[in-house]
Amino acid sequence: MTEMKTREITYLEAVREAMSQEMRQNDDVFILGEDIGVYGGAFGVTRGMIEEFGPERIRNTPISEAAIAGGAVGAALTGMRPILELQFSDFITIAMDQIVNQAAKTRYMFGGKGKVPMVVRTPAGSGTGAAAQHSQSLEAWMAHIPGLKVIQPSTAYDAKGLLKAAMDDDNPVIFYEHKLLYRTQCDVPEEQYSIPLGKADVKRKGKDVTIVATAIMVHKALEAAVELEKEGIDVEIVDPRTLVPLDEETIVESVKKTGRLIVVHEAVKRGGFGGEIASMIAESEAFDYLDAPIKRLGGLAVPVPYNPTLEKAVIPQVPDIIEAVKETVRFK
């Protein structure tokens with residue numbers, strides 16, 4: 001087997017590359033969204049793509065998320081494979097009927113005879129001072145809906161491979177791209193490759209405590225682990241990468257090994273996906289291996305503030321993760 005050639009590129013470049021490679025080999029794939037043409041999208045992800053693929057396949061749309069999603073659902077039902085870009089993940093609320101009541105349910109309601117192979121790409125999370133209507137993390141909403149698949153890549157490598165898998169899937173997929181990760185870099189193969197949906201990644205092996213973290217929190221957890229190692233605490237970090245489908249086996253095996261679990265996500269703790277992971281462990285064989293209560297870290301139940309100091313205060317930070325780990329390890 002020939003080893004793939006890699007080079008260091010950004011998360012943003014990895015997403016663009018995945019879409020460009022897919023569009024070169026499949027004429028049914030096209031992108032639609034607001035200002036994605038000459039402007040290149042709100043965060044520049046599609047910049048330069050209209051020059052290669054033209055306005056028929058990089059389609060600027062009106063400022064209407066309901067129209068964008070509705071157009072994508074219709075195109076997918078007739079054999080196309082649309083990728084729709086919503087400028088901010090908060091705006092998915094405007095497209096909820098098309099995504100939740102149409103895209104998610106059509107294949108089931110038509111006994112598999114109709115399918116909706118579309119990918120909803122959207123930047124999520126806080127940290128840019130974009131305030132309450134542009135900084136939310138709503139992935140738990142989407143994970144609650146049968147028929148939708150939900151992806152949260154934390155690295156450029158994962159973003160490219162998972163987006164390839166999403167574009168190949170015959171079901172609607174919600175693909176969350178954290179705004180603060182766009183400029184992060186890592187080694188990414190030049191060739192196309194796919195990461196199976198429903199396969200978690202152990203970002204760091206350890207023996208004392210398991211942290212299950214998503215998106216930007218993976219990086220915060222890794223930073224916390226470096227500090228905790230100086231105090232003799234060995235942290236294992238599991239990145240689910242996909243919430244739906246969820247790799248329960250990898251998480252269960254990690255918790256059985258360490259006997260402790262902390263779940264960290266940026267979304268509001270109340271009703272967040274961390275509760276689903278905690279419940280899954282409580283219902284699994286890993287429960288009998290726990291040496292301490294499961295701890296959840298999430299955002300405070302307030303709208304995300306515009307003020308940068310307050311914005312940072314409502315989201316779990318590295319010191320919060322360090323303190324949570326110490327409390328869990330000290331529990332008797």
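Which strands does H11 lie across, and at about what angle does H11 run to S14?

Modeller: Happy to. A word on the ground rules: this is a predicted model, so local features need pLDDT of at least 70 and side-chain atom pairs count only at pLDDT 80 or more, while totals for chains, interfaces and linings use all residues. Residues are numbered from 1 along each chain as its sequence is written, and side-chain values use heavy atoms, with hydrogens and water left out.

To your question: H11 lies across S10, S11, S13 and S14, and runs at about 165° to S14. Helices (H or I, at least four residues) and strands (E, at least two) are DSSP runs, numbered from the N terminus. Angles run from 0 to 180 degrees between N-to-C directions, and axes are lines fitted to C-alpha atoms, for helices over the stretch in contact. Contact itself means heavy atoms within 4.5 Å.

Now the sheet. It is open, with five strands in the order S9-S11-S10-S13-S14 and mixed pairing; two strands pair if DSSP finds at least two bridges between them. At the edges are S9 (201-204) and S14 (295-299), each of which pairs on one side only. From one strand to the next, the twist averages 25°. S9 and S11 (residues 235-239) run antiparallel and are joined by three bridges. Val202, for instance, has Val238 in S11 as its bridge partner. H7 also packs on this sheet, where it touches S9, S10 (209-213), S11 and S13 (261-268), and the direction of H7 makes about 170° with that of S11.

H7 and H11 meet each other too. H7 (residues 216-229) and H11 (residues 318-330) pack at an angle of about 55°, and their axes are 9 Å apart. That angle makes H7 oblique to H11, since angles under 35 degrees count as roughly parallel, over 145 as roughly antiparallel, 65 to 115 as roughly perpendicular and the rest as oblique. The crossing of H7 past H11 is right-handed: the near helix is turned clockwise from the far one by less than a right angle. From H7, the residues Lys220, Ala221, Glu223, Ala224, Glu227 and Leu228 meet Val318, Ile321, Ile322, Val325 and Lys326 of H11. By class, the residues of this contact are seven nonpolar, no polar and four charged. Here Ala, Val, Leu, Ile, Met, Phe, Trp, Tyr, Cys and Pro count as nonpolar, Asp, Glu, Lys and Arg as charged, and the others, Gly among them, as polar.

For context, there is also an open sheet of seven strands, ordered S3-S2-S4-S5-S7-S6-S12, again with mixed pairing. S3 (58-60) and S12 are the edge strands there, each pairing on one side only, and the twist averages 20° from one strand to the next. S2 runs parallel to S4 (residues 81-85), and five bridges join them; in S4, Leu84 is the bridge partner of Leu32.

Most residues other than glycine have a negative phi, and most peptide bonds are trans. The peptide bond from Val244 to Pro245, however, is cis, with omega near -5°. Pro245 sits in the loop between S12 (242-244) and H8 (248-258).
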